[in-house]
Amino acid sequence: MSVYIINIIMIGIYSLLYNLINKKNWYKNNKKLKMIFVFLVTIQLFLILALRKSSVGVDIRGYVRQFIFVRHASLDEILLLRHEIGYKLLVKLISFLTGNPQMFLAIISGISIIPIGRLIYKYSRMPFLSFALYISFNFYAFVFSGLRQAIAISIICISYDYIREQKPLKFILTVIIASLFHKSAMFFLPAYIIAKIKLNKKSLMTLLLGNMIIYIFRIEIMGFITTYVFDSFDIIESNSYTWFLFNLFIYILCLVFYKSTIERNYKSNELYLLVAIGISLMLFATVSNNAMRIANYYHIFIILLIPEVIYSIKDKKMVLLGLYILLLGNITLSFWQLYTDGYKIVPYEFFWK
């Protein structure tokens, strides 16, 4: 667990250094300074992933065994494997470059984590807070285990560019590419239209009505999905209400500052909508743990929304209070996620041990 604690502490140190250098005006190019520090955190997160033992992460040993098989398998044998075609071809390509399973994990780690750093660099008002949220909301822990979907999520993060730039064809193509690594990424296709909806009383009431319908018919809807889309998704009553309510509470707090956030950056409306859909989809997680995989395509944008909201608050004392509360909350949530350890990332071990 010490590796994860040091990771959080180092992100805090980077944040202090970045703000100190900015405040003292020691470095004139603020954009380049931000790039340097985001790069440092991204590399740090990458190294923790790349240097882990195959026992760190609940599904990693299976992925490593498959990599060894694919290295010596014919194309016909590879096509018979159950995973998506994009992932299988990527694994085969990596096997041409190296037969070392650790290098395989390192390459997949880079593909999974670098687009996250890129997203934060391009769009986050407070990059270190975004990284802290990425960890404390358990997105980072998921990358240790769900290799295929981690790649899909990283590609979805790139597709956000085309929502912002209003390029629907590029957006659709990018989402389709993501679905070649995990077909659940196709559920992100409506995001382009959703993000263009104006958040107001009418749309909020529609969202509330939609949530009520989802909750009432969630078993039937999941039954349809498990029959025709994901036969590996089991319908089991789960204890996901706490996580849903926690995120709903955070979202309501963000809504309090909606006006000031939009005044600062009207593009924030897209983040509000995407996160709202992510939280709504969490209702399906009450009858299927795997449903959280779909919700996370939308929910991950909370790492941009919260810093945007904090940045928009005009009362500096309230900002400071909010940051202290977020810091305490992040630390508490991070430790809680490590304690529950749903992805089996504790204890952390380096591959050479």
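**Aromatic stops**

Start with one aromatic cluster: select Tyr 4, Tyr 134, Phe 139, Tyr 140, Phe 144, Tyr 348, Phe 350, Phe 351 and Trp 352. Rings of Phe, Tyr and Trp (its six-membered ring) pair if their centres lie within 6.5 Å; planes under 30 degrees apart count as stacked, over 60 as edge-to-face and the rest as tilted.

This is a predicted model: local features need pLDDT of at least 70, side-chain atom pairs count only at pLDDT 80 or more, and totals for chains, interfaces and linings use all residues. Residues are numbered from 1 along each chain as its sequence is written, and side-chain values use heavy atoms, with hydrogens and water left out.

The pairing rule gives 28 aromatic pairs. Select Tyr 63 and Tyr 87 next: this pair is edge-to-face, 5.8 Å centre to centre, with 70° between the planes. Tyr 63 sits in helix H3 (residues 60–72) and Tyr 87 in helix H5 (residues 85–97), 24 residues apart. Helices here are DSSP runs (H or I, at least four residues), numbered from the N terminus. Both Tyr 63 and Tyr 87 are buried (under 20% relative accessible area; exposed is over 50%, partly exposed in between; 1.4 Å probe, protein chains only).

Now pick Tyr 215 and Tyr 241. Why is this pair edge-to-face? The ring centres are 6.5 Å apart and the planes are at 65°, so the pair of Tyr 215 and Tyr 241 counts as edge-to-face. Tyr 215 lies in helix H12 (residues 201–228) and Tyr 241 in helix H13 (residues 241–256), so the pair ties together parts 26 residues apart in sequence. Tyr 215 is partly exposed at 37% relative accessibility, and Tyr 241 is partly exposed at 27%.

Finish at Lys 34, which lies over the face of Tyr 121, 5.6 Å from the ring centre. A charge sits over a ring if NZ of Lys or CZ of Arg is within 6 Å of the ring centre and within 35 degrees of the ring normal.

Notes
Helices (H or I, at least four residues) and strands (E, at least two) are DSSP runs, numbered from the N terminus.
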